[in-house]
Amino acid sequence: HMKDYTDYIDNALKDLYSDPSLEEDLDRFKAERKMAMRDRETTLRKRGLSDSKILNDLIISENKDIRADFINHRRETLEKRIENRLFYLKILLSISYFIFVGIAFLLDTFYNKDFDYSWIIIVASIVLYTDVLLMMPKKWHYKGKRKLPFSVATTIATLFTAFFFWLIMEIIHQMPNSAVVITATMFFITFFDSFIPVLTHEKHGIWHTIIAPPGMGLWAYITLGLLHVIHWATGWMLIVAGIAVSLIIFVIYYSRSHKLLIKSEQLRLENLANKEVQHEE
């Protein structure tokens with residue numbers, strides 16, 4: 001009886017052996033599937049099914065798409081190999097990158113005698129490395145999936161870069177009000193977050209547009225205050241203006257959504273009325 005369903009697998013897949021590149025995967029797939037079939041037979045016999053013909057027919061019927069199963073198995077195997085190669089490639093590239101960074105740091109520190117500022121090379125390399133990891137194309141991520149949404153990754157990468165420039169301005173150049181680098185960056189992040197989710201049709205993206213104006217007002221207030229463009233005592237009105245803009249956007253959105261809901265309900269009622277008339281006729 002065991003010969004029947006194992007022969008079924010051999011016959012179903014034998015023509016694929018004409019491609020030598022498939023031979024190894026075919027042997028592995030067949031061995032795994034035959035083992036699964038034997039386990040299935042053992043389970044069925046323990047449950048009281050003893051007729052060999054019925055057992056064979058049942059097991060074969062459960063594996064009738066054996067060729068499609070092998071194709072999927074082959075695809076998954078190739079994808080896994082590609083993922084593993086990409087993973088090891090990224091590790092090698094990362095190691096090479098930091099070796100070059102280390103060499104540059106040591107040369108600048110000891111050859112150029114730049115003991116005070118050579119640390120910038122390390123910090124800059126870490127920021128650049130992080131930004132590349134966050135911003136690299138989706139297909140280069142593990143299994144082609146981002147761990148963070150692109151908008152969040154972009155925000156983090158931007159903040160990392162802004163932090164680096166703030167560090168340079170604050171520690172090296174000792175520039176007054178260097179914090180404007182961070183606050184101005186936050187303003188632009190909030191600004192772009194106000195409409196990009198809507199343009200990309202993200203779920204609940206409109207709420208980004210509604211909530212953003214007060215945040216933009218806050219960061220504009222702090223940035224302009226640090227630059228002494230506006231007075232701290234009156235500049236807070238920018239936040240109030242942002243709240244007012246948010247309320248206007250919300251009212252417009254709610255009004256439009258309410259009209260669409262009413263129109264949809266009217267169409268539904270008209271369709272019901274038409275069906276009722278047709279039913280009476």
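Select Tyr-221 to begin: this residue is buried, with a relative accessible area of 15%. The classes are buried under 20% relative accessible area, exposed over 50%, and partly exposed in between, computed with a 1.4 Å probe and protein chains only. The model is predicted: local features need pLDDT of at least 70 and side-chain atom pairs pLDDT 80 or more, whereas totals for chains, interfaces and linings use all residues. Residues are numbered from 1 along each chain as its sequence is written, and side-chain values use heavy atoms, with hydrogens and water left out.

The ring centres of Tyr-221 and Trp-232 are 5.4 Å apart and the planes stand at 80°, so the pair is edge-to-face. Tyr-221 lies in helix α9 and Trp-232 in helix α10, so the pair ties together parts that are 11 residues apart in sequence. Helices (H or I, at least four residues) and strands (E, at least two) are DSSP runs, numbered from the N terminus.

Between these two helices, select His-228, in the loop between α9 (206–226) and α10 (232–235). His-228 is exposed, with a relative accessible area of 65%. Its phi is near 60°, a positive value in a residue other than glycine.

Now turn to the aromatic pairs. Rings of Phe, Tyr and Trp (its six-membered ring) pair if their centres lie within 6.5 Å; planes under 30 degrees apart count as stacked, over 60 as edge-to-face and the rest as tilted. By this rule there are 12 aromatic pairs. Select Tyr-97 and Tyr-129, a stacked pair with 5.9 Å centre to centre and 20° between the planes. Tyr-97 lies in helix α4 and Tyr-129 in helix α5 (residues 119–135), so the pair ties together parts that are 32 residues apart in sequence. Tyr-97 is partly exposed, at 24% relative accessible area, and Tyr-129 is partly exposed at 24%.

Which residues does Met-186 touch, not counting residues up to four places away in sequence? Select Met-186 in helix α7 (residues 180–193); the residues touched are Leu-159 and Trp-219, where contact means heavy atoms within 4.5 Å. Ala-220 is 34 residues from Met-186 in sequence and 9.1 Å away in space, C-alpha to C-alpha.

Finally, select Leu-107, in helix α4 (residues 66–111).
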